[in-house]
Amino acid sequence: MEQAIFIANIENTKYVKLQHSRLYFGNEFCEYLIPSLEELRYIIDFIKKNKIAFTFVTPFVTNKGIEVLRPIFEYIIRKYPDTELVVNDWGVFRILRDEFYHSNLVLGRLLTKQIKDPRILSLKNKVSWSMKQYFKETNADTPVFSDFLSVNGIKRIEMDNVLQEINRGGEVLKASLYFPFIYVTTTRLCVTAACETVKNFSRNIPVCGKECRKYTLRLHHYSMPKKLFIKGNTQFYKNDYVLENLKQLHVDRLVYEPEIPM
Amino acid sequence: MKIIAPVNNQREAEALLEAGAHAVYCGVTPYSWIEKYPTVVSPNRRARQSANLASYNELQEIVDLAHSKDAFVYLTLNSICCTERQYPLIFEQVEKAKKVGVDALIVCDVGILLTIRNKGIDLDIHLSTGGASFNSHTVKFYEELGASRIILPTQLQMSEIEKIVKDFPAIKFEVFILNSGCKDIDCFCMFLHGLNDDRRFPGERFLKRLFLRKKHSGCTRTDACTLDYEISLISSADTPSKETEKVILQNIKNSFNEFFKLYTCGVCRAAEFDRMGIYGMKISGRGYPMIKKIKDVRFLKAVVSHIKEQAFGEKEFSKYVQDTFKQVYGMNCSHFCYYPERI
């Protein structure tokens, strides 16, 4: 089982241990948190020094975000062509496939759809067999989708260590399992951006001061069996218990998140 | 610009087409689906039965009615996660839709898109907001998979919408307008929708109570984005002052209350959408009461007619829209806008 570690800022290289053979770096949810070239240089030096593999993680993006990513892709593919690239945006996937001809791609958590509502635990014995199966499966395992991914350079999917367990079988792609922080939802209407000043509420995309790097919030409601965390524009819950039958689930990589990767 | 309205039944379709809608969109949950997925899991992002047609017969009636008025009908099959087991049921719907003469399918799951293409199904494909078309390359990706129309996500700024539309003169784009101002990105939200933990207030009655502006303190919200959470700050890089902590917590708390607004609007942007070349404004809210939907269509119709008839500045147009809002709904605009920049 490959042991990977996922960090979102360079200070967290402190968490990398001997058992980690791969480092994930980047961001899935926010184009304002795409690392700078300087940070990338630091990370690439780090992985070369420590002789570990590298996975660069990219978010969903607007047209502006695409232009931020282009020079980063040029740099990474030139300096470290073995880099695995996680895509959470079909536009980014298309650029990597058609402009950079990069075929070491991974389907990120945002595009690998899994139902993740913690309240599924409350429904456990009250729903049909079909519904129980549905909650454990992902759309990326359908043969037509899997084939498409495979033919287009995506050989792996990223999954969350959800509470309701996972059901995979047959001819499916290899998968990584992220733990302990499971993402549930995200937004561009970031509630953490500009949170230190009183807000006059409207549906706007606030000016970002990367307040998410300072603050983590916890949400509690009696109907939620797990507390939720907000970091930046994304909500997560925590599940430390990792399934034991990972090999049967075609999961060959664990991606450990020492902190919420924002 | 066209007005595209949500419908739940034939009577509504008749009223909305009469009010001025150019097209209607709807979902169906047939018995074959309910047998396996009686609740919460939907082929079209609306689990509540009241938000869907009950049968293909009803769909046929709506299609016949719409076509008699030169209007269109789009069937939503826009679940963001379709698993292999669901494919036979989804494609049963696709075959029925083709048979009854539906004008287009609204989809977003890539596996479903690929299968429609592989089977050579000859129906127009509209890419749902669930496709997360936040940039031009994503639009191109879907165009290559067969989409002829893109429904843009609601969390785009006006300049971002303009750039995308400009890049694709041959594709038709729709924007959402009115109602359901959820703060999370639909296609990336993996919470369950349609849970109801309080049987006193099943979906429709709850919405009717809000619409009728009675106090709703007794209502139970069940969507995860609207729950009344206890919020605490659990870590920060440096310890904020008590005052700053209070402000942070209040802002976060407000975000869970403020975004769930029945009268989210955006119609002040209609003139700009028209100038950009947006094809249609899609009214959100399949589960809403008929009376609200009729008012929504009338409101948009008045605004679209005004755009055609007159030239005007931004402020003047905005005033016209707000005055018309008041005439139609009997209350002032709450300034809770889908596209709030600069207003």
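**Close-up views of the contact between chain A and chain B**

**View 1. Strand pairing across the two chains.** In this predicted model, strand 9 (residues 215-220) of chain A pairs with strand 8 of chain B in the antiparallel sense over six bridges. Within this pairing, Ser232(B) in strand 8 of chain B is the bridge partner of Arg218(A). Strands (E, at least two residues) and helices (H or I, at least four) are DSSP runs numbered from the N terminus, and two strands pair if DSSP finds at least two bridges between them. Local features need pLDDT of at least 70 and side-chain atom pairs count only at pLDDT 80 or more, whereas totals for chains, interfaces and linings use all residues. Residues are numbered from 1 along each chain as its sequence is written, chains are lettered from A in the order in which they are written, and side-chain values use heavy atoms, without hydrogens and water.

**View 2. Extent of the contact.** Chain B gives 83 residues and chain A 77 residues to the contact (heavy atoms within 4.5 Å). About 6,700 Å² is buried between the chains, 63% of it from carbon and sulfur atoms (accessible area, 1.4 Å probe, that two parts lose on being put together, summed over both). His137(B), Phe188(B) and Met190(B) supply 12% of the area that chain B buries against chain A, more than any other three residues.

**View 3. A salt bridge between the chains.** The side chains of Glu160(B) and Arg188(A) form a salt bridge at 2.8 Å, N to O (a side-chain nitrogen of Lys or Arg within 4 Å of a carboxyl oxygen of Asp or Glu). Four salt bridges are counted between chain B and chain A.
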